[in-house]
Amino acid sequence: MDWHGILSQSLQQGLGPVAAVYCLAAIGLNIHFGYTGLLNFGQAGFMAIGGYAVSSFVATWGLSFWVGCVVALVATGLLALALGVPTLRLRADYLAIVTIAAAEIIRQTIGSVTLLKYFGGQDGLQGFNQSFASLNPFSTTVNIPGVVSWRAYDFWTLLVTWLLVALFCLMTWALMRSPWGRVLKSIREDEDAVRSLGKNVYAYKMQSLIIGGLIGGVAGIMSALQHSAINPSFFATDTTFFAYTVLLVGGAARVLGPVAGTVIFWFLLSFLDLFFGGATSGTNPLIPAAIMDGNQASLMRFIFMGLALMLLMIFRPQGIFGDRRELALDAR
Amino acid sequence: MHARPRTISALLVALVAAVLVMTGAASAYAAPVSHVGESACQKPAPRNDDTIHIQGCLTDLREKPPKPVPDVRFTVVDDQGKKVGEGTSNASGVFDISLGKSIDVLGNTYTVHLDKGSLPKGAALRNPKQVALKVTPKLSSDVYVTFPIGNATAAQSGFAIQALQLAVGGLVFSLLLAMAALGLSMIFGTTGLTNFAHGELITFGALVAYGVDALPGTITIGGTNVTVAVAIVVSAIASAVFGWVNDRALWRPLRHRGTGLVAMMVVSIGLSIFLRNIFQYLAGASTHQYSQFSSPRPWHLGPILVTPKDVFIIVFSTVILVLVVIALQRTKLGKATRAVADNTALAAATGINVDRVVSVVWIVGAMLAGLSGVLLGMTQGFDFQLGFKILLLVFAAVVLGGLGTAWGAIVGALVIGLFVEVSTLIIPAELKFVGALVVLIVVLLIRPQGLLGKAQRVG
């Protein structure tokens, strides 16, 4: 087996544009779940609204990409408001069910034949990224010889996404050491205590939902840009679950948790995929075809991922870099 | 009492092993006969040129296996109404119409017309309105179209009759939803767990029944083929065991450690991803049908059509639901269950063995979910994400009725199930789940405790 190839490709995934997009989504979830204790299971919905707002703005209506970005952010903010109003006064599990339902509503509506002429149905939209691609300063493949290499456009999206990650990490750090951030953390620990101190818990939760949702919307835009295409399958429920896994691997309520989480998560996911792919291919595979064929090999990474998420939550709920005292995760 | 981590991981391994053994057995038998139940169609041999063809295969779905329908004429017209091709189905029901070079064809819209007059006597399109299909080739591969042939459904009839016909389908679906929802609601009521892996309990039931169905040969008693009945019973028992294993290996140790409810919710997401991919590992990604469950001709009940299968499912699931609810209301164990749901600490203080009650709830809940999976598989076929696809509807039913109340889950499921089917009168069928989920959010806005929930502060 080509260990060098597997390791370098895995590293490329771990640092690549997809990992960076999931990092953005997880930073949003970190503000919701890690700092405020809000169970948002609909991050994919925020991403879908962001991505589709930009791409349909350009591809369907032929308007400016940059105005589309602004519209996308406004739209995700409105979604957060619309979801927050009915549910933020309710128990945590209600928010979870409503957000996951809302994300599915958005995905199925956008992918429907009825709205085909606006959003392209299941095939989605293409050709909306010229404005972004024209800013690309790189014209050749960017690589560290023998370790990683990216095509020019991939490297450009990767660079921009990681810069956004840095920006939002800085923002999270600044916000969470401010008095505002301390109120959020105390809402997570004991909502009633905060209310008894005269704080408007509902307003704080709403602000947190909107900020995290906006970051999710940015993740959606970047996801559309790096694929140069968008379709509803990018925003399935599993996307949210992946973002949660990224967050929990790194450690919730840590500014750099999502960054560490996404690199580790995508490295391992890609490693397992390449390993089992390699172990089942060829004339004399390492694992006999009677036990596992190529299709089954591609599932092994998700089997491991599910198992890892369970074990992580049971034995190390604070993640790899988290602080157990910071996050009790006992909110009812 | 704290269970040591080692115990938990040992039990987790046991859970994994149990899943692998049980479903592994199923798939091992599944392999040789997996083609049974699929249509008799043979696709034309692939060509090696760059033309695009419209292909299809006509089979009479009333027959088992489906019988090819020959000599049916087709014409293909482009979007200006110009005829670009025609064809006739051959002895194996296959038709194949060339559109020309892919360069000229891609992106254009064509309409395939079926000549109704050329259908054999007694056969009709299942959907009589659908004599024409629009296709838009987008990839340079052939386009495959289907025209289901069988008894005509009531699609040509009036609005009220259509609604009635859809309501029958809705009733079947909602009763199956109710079984799954009742299980979820009972588990939530007694343990507080929002179980995102409940969908996998549904799929598990369907998968075990598929394993029994795919066993070589048939199971007969006194000359009657009872394979399906056996499949239902075996899958109910296997699901019950699976539920017990779930609780014993994973959730009970977690409860004893004092793991938070949010953490448990995340664990259930991990379990869901894990099990769903194991199911796909074993059963593949394709949709399966039970081969030995023939579907007899429907009965005409006045203006609507009812299949014996619908009647069986309605009667069977109603009986099961009523039995469970009566057991909850009347038996000692049922009363203990409600006591635990009401106040666990108080129930424990009065001498109720909470762990035992929760075990029973898991057994019954998983059995209900498994049964609903088997029956869903009978009505619409199943794949590895059968349960995951309807999980949100199950949640919607439970929340709509009131989290944790038994009657609420059933009423909620009836509302959601009927709404999903009947709403297709007005909204496109592809958006029917969306409608149900919107109902969920609206109800939460107006009545957060659900239809039958107690009016109490829930946040």
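Author: pLDDT is the predictor's confidence in each residue, on a scale from 0 to 100. Two residues count as being in contact if their C-beta atoms, placed from the backbone, lie within 7 Å. This is a predicted model, in which local features need pLDDT of at least 70 and side-chain atom pairs count only at pLDDT 80 or more, while totals for chains, interfaces and linings use all residues. Residues are numbered from 1 along each chain as its sequence is written, and chains are lettered from A and ligands numbered from 1 in the order in which they are written.

Reader: Over which residues of chain B does pLDDT stay under 50?

Author: The stretch is residues 19-39 of chain B, for which the model has 32 contacts beyond four places in sequence. Across chain B the mean pLDDT is 80, and 81% of its residues reach 70 or more. Helices (H or I, at least four residues) and strands (E, at least two) are DSSP runs, numbered from the N terminus.

Reader: What is the mean pLDDT of chain A, and which values does the predictor give the complex?

Author: Chain A averages 88, and 98% of the residues score at least 70. Confidence in chain A is lowest in strand β2 (residues 142-144), at a mean of 80, and highest in helix α11 (residues 201-227), at 94. For the complex, the predictor gives an ipTM of 0.90 and a pTM of 0.79.

Reader: How many helices and strands does chain B have, and how should I read its burial?

Author: Chain B has 13 helices and 15 strands. A residue is buried if 20 or more other C-beta atoms lie within 10 Å of its own, exposed if 12 or fewer, and partly exposed in between, with C-beta atoms placed from the backbone. Buried residues make up 44% of the 459 residues in chain B. Of the contacts in chain B between residues at least 6 apart in sequence, 74% join residues at least 24 apart.

Reader: How is the length of a helix judged, for instance that of α12 of chain B?

Author: The expected span is 1.5 Å times one less than the number of residues. Helix α12 (residues 406-422) of chain B has 17 residues and should therefore span 24 Å; its end C-alpha atoms are 25 Å apart, which agrees. This α12(B) is mostly covered, with 14 of its 17 residues buried. Helix α3 (residues 159-191) of chain B, with 33 residues, reaches 45 Å from its first C-alpha to its last, close to the 48 Å expected. Just after α3(B), B:G192 takes a positive phi of about 80°.

Reader: How do strands pair, and what is the strand order in the open sheet of four strands in chain B?

Author: Strands of a sheet pair through backbone hydrogen bonds, either parallel or antiparallel. Two strands are taken to pair if DSSP finds at least two bridges between them. The open sheet of four strands has the order β5-β4-β7-β9 (chain B), with antiparallel pairing. Strands β5 and β9 (132-135) of chain B stand at the edges, each with a single partner strand, so one side of each is left without a neighbour in the sheet. Five bridges join β4 (residues 73-78) to β5 (residues 83-88) of chain B, and B:T75 has B:E86 in β5(B) as its bridge partner. The hairpin of these two strands has four residues between them, and there B:G81 takes a positive phi near 90°. Four bridges join β7 (residues 110-114) to β9(B), where B:T111 stands opposite B:K134.

Reader: In what order do the strands of the three-stranded open sheet of chain B stand?

Author: The order is β6-β1-β10 (chain B), and the pairing is mixed. Here β6 (94-101) and β10 (143-145) of chain B stand at the edges, each with a single partner strand, so one side of each is left without a neighbour in the sheet. Strand β1 (residues 51-57) of chain B pairs with β6(B) in the antiparallel sense over seven bridges, and B:F95 in β6(B) is the bridge partner of B:G56.

Reader: How many residues does each chain bring to the contact?

Author: The contact takes 43 residues from chain A and 39 residues from chain B. On the side of chain A that touches chain B, α5(A) gives the most, with 13 residues.
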